[in-house]
Amino acid sequence: EKGGYDYFMLKEIAEQPKAVADTLLGRIDPAGSLTLDEVRIPDSVLREIDKIVVIACGTAFHAGMIAKLAIEHWTRIPCETELASEFRYRDPILDARTLVIAISQSGETMDTLMALRHAREQGAKVLAVCNTNGSTIPRESDAVLYTHAGPEVAVASTKAFLTQLIACYLVALYLAQVRGSKWGDEVRDVVRELSAVADRVERVLETMEPVRELARSLADKNTVLFLGRHVGYPVALEGALKLKELAYMHAEGFAAGELKHGPIALIEKDLPVVVVVPSPRGRSVLHDKIVSNIQEIRARGARTIVIAEEGDEAVVPYADHLIRIPATPTLLQPLVSTVPLQVFACELATARGNEVDQPRNLAKSVTVE
Ligand code: M6R
């Protein structure tokens with residue numbers, strides 16, 4: 001069943017290029033237009049949407065944070081992303097022109113289900129992004145865009161996350177197509193780039209041995225910090241979540257710009273800090289600011305583990321460990337930058353003798369509130 005791998009998680013990490021390709025399959029025509037037939041919300045309704053709310057839990061929430069950046073950038077529709085468990089109980093403002101996107105691998109997460117029920121009661125339209133055919137969340141939604149990751153068995157979500165990102169990009173790009181976007185050329189380029197992503201994920205997977213080695217060398221550490229900015233911030237949170245649930249280590253993700261507002265006090269000699277560096281070709285301001293952050297923490301003794309694009313030479317002098325990822329458009333970068341963090345957490349869990357597929361205290365689907 002595990003296809004020769006020791007753990008389902010390893011198998012599922014390796015399946016990511018296929019999961020990504022399968023989720024894109026049939027949804028982009030050769031001319032570069034998107035066809036999301038399953039989204040049965042008529043284009044006329046989508047044109048009237050004036051607000052989007054993304055709700056999800058855990059890893060799916062991190063996909064939702066990235067979705068917000070993509071949706072707002074390409075469509076200019078205000079979008080907020082909220083933990084389903086928080087959203088439900090704070091009397092959110094919703095109406096018939098609100099589109100709620102509920103992201104869930106299992107389709108059974110109770111917090112997400114309760115949130116979507118509440119949204120529908122207020123008259124909002126709900127689109128589910130889900131990996132499990134016929135599960136409760138898509139059944140109770142107005143429409144569903146399935147991710148085609150195949151069954152995910154390991155408790156730690158990996159391939160589902162990448163496909164959730166793909167689905168969210170497709171929704172954002174589809175909305176841009178239906179409504180028009182001030183970034184028309186960029187939208188067309190990104191649609192093209194999406195078809196190259198599966199190969200890039202494959203390339204990342206082929207270069208993971210140094211990451212595994214690094215993880216093993218950190219097995220006796222107590223804390224690992226993760227820093228990111230823009231799309232790199234949810235990736236940092238995801239890296240930290242993986243490490244908590246698998247390695248049972250204290251792991252925290254921060255927005256790099258927040259360092260000086262508190263977290264920098266945590267930096268001490270030999271503390272491993274993973275930094276997700278934005279593309280130098282995209283928003284170069286963000287890139288340069290992160291490079292200064294790396295300098296700052298290294299000057300205070302941190303052991304810097306830097307995830308940066310191939311060709312980004314500015315980071316080299318400050319990286320104790322450098323993990324390269326293929327150059328990818330800024331908003332799509334999480335598809336490649338998350339993968340080393342999954343491998344890192346999986347290997348650390350193994351090195352610490354933990355049960356990788358079934359971490360303590362956790363269940364694959366959380367069907368209680
Ligand atoms: O099935 P869902 O996507 O709704 O699950 C949401 C979270 O429970 C899930 O992502 C959880 O955080 C994973 N164990 C993370 O690896």
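Student: Where does Asp312 sit?

Tutor: Asp312 is in the loop between strand E9 (303-309) and strand E10 (321-325); strands are DSSP runs of at least two residues, helices (H or I) of at least four, numbered from the N terminus. Keep in mind that this is a predicted model, where local features need pLDDT of at least 70, side-chain atom pairs count only at pLDDT 80 or more, and totals for chains, interfaces and linings use all residues. Residues are numbered from 1 along each chain as its sequence is written, and side-chain values use heavy atoms, with hydrogens and water left out.

Student: Why does buried Asp312 count as having no salt bridge?

Tutor: A salt bridge needs a side-chain nitrogen of Lys or Arg within 4 Å of a carboxyl oxygen of Asp or Glu. The nearest side chain of opposite charge, Arg324, is 5.4 Å away, so there is no salt bridge.

Student: What does the side chain of Asp312 reach?

Tutor: The backbone nitrogen of Ala314, at 3.2 Å. A polar contact is a pair of N or O atoms within 3.5 Å; within protein, one must be able to donate a hydrogen and the other to accept it, and residues adjacent in sequence count only if both atoms are side-chain atoms.

Student: Why is Asp91 called exposed?

Tutor: Exposed means over 50% relative accessible area, buried under 20%, partly exposed in between (1.4 Å probe, protein chains only). Asp91 comes out at 64%, so it counts as exposed.

Student: What makes the phi of Asp91 stand out?

Tutor: Phi is positive, about 60 degrees, although Asp91 is not a glycine. Most residues other than glycine have a negative phi.

Methods. Lys and Arg count as positive and Asp and Glu as negative; His and the chain ends are not counted.
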